[in-house]
Amino acid sequence: SAARCTLHENGSECLPMLEIVVDEKRLGRTALEVCRRLRAGTPPCYVGHWALDEGLLLINPLHLNDERAKTLGRRLRDELTA
């Protein structure tokens, strides 16, 4: 796989955050490029971008419902398949 996922639970007062470590060498594109492709695709998907330079995509579940989660999962799978 070109990515590794970890769920971070930040205590009872914060939502858990999904961290996706992009294996940029194996995938052949950077986390920044994956982020841009997610935003430019149909439908657009937005991930946290504050750790892209570390090769990380961060997923905040705040605005996810079942439909959006399925769409995001599909788009991530498409973009992270080497």
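R29 counts as buried because its relative accessibility is 17%, where buried means under 20% relative accessible area, exposed over 50% and partly exposed in between, with a 1.4 Å probe and protein chains only. The model is predicted, so local features need pLDDT of at least 70 and side-chain atom pairs count only at pLDDT 80 or more, while totals for chains, interfaces and linings use all residues. Residues are numbered from 1 along each chain as its sequence is written, and side-chain values use heavy atoms, with hydrogens and water left out.

R29 sits in the loop between α1 (24-27) and α2 (31-40). Helices (H or I, at least four residues) and strands (E, at least two) are DSSP runs, numbered from the N terminus. Which residues does R29 contact, leaving aside neighbours within four places in sequence? They are V22, E24, V34, R37, D78, E79 and T81, contact being heavy atoms within 4.5 Å. E79 is 50 residues away from R29 along the chain, yet their C-alpha atoms are separated by 9.7 Å.

I turn now to the sheet. Three strands make up an open sheet, in the order β1-β2-β3, with antiparallel pairing; two strands pair if DSSP finds at least two bridges between them. β1 (3-8) and β3 (56-59) are at the edges, each with a single partner strand, so one side of each has no neighbour in the sheet. Direction ignored, neighbouring strands are turned by 20° against each other on average. For angles in general, axes are lines fitted to C-alpha atoms, for helices over the stretch in contact, and angles run from 0 to 180 degrees between N-to-C directions.

Helix α3 (residues 66-80) packs on this sheet and touches β1, β2 and β3. The direction of α3 makes about 175° with that of β3.

Between β1 and β2 (residues 17-22) there are six bridges. In this pairing, L7 stands opposite L18, and C5 stands opposite I20. β2 and β3 are joined by four bridges: L18 stands opposite I59 in β3, and V21 has L56 as its bridge partner.

As to burial, five of the six residues of β2 are buried. β3 is covered on both faces, with L56 and L58 buried on one side and L57 and I59 buried on the other.

In the loop between α2 and β3 we find P43. A cis peptide bond joins T42 to P43, with omega about -10°.

Finally, the largest pocket has a volume of about 290 Å³. On a 1 Å grid over the protein atoms alone, a pocket is an open set of points with protein on both sides within 12 Å along at least five of seven lines, where a 1.4 Å probe fits; lining residues have an atom within 4 Å of a point. Grid points are joined across faces, edges and corners, and the volume is the space filled by probe spheres set on the points.

Of the 16 lining residues, Y46, V47, N60, L64 and L72 are the closest to the centre of the pocket. β3 and α3 each supply at least two lining residues, and α3 gives the most, with three. The lining divides into 11 nonpolar, four polar and one charged. Here Ala, Val, Leu, Ile, Met, Phe, Trp, Tyr, Cys and Pro count as nonpolar, Asp, Glu, Lys and Arg as charged, and the others, Gly among them, as polar.
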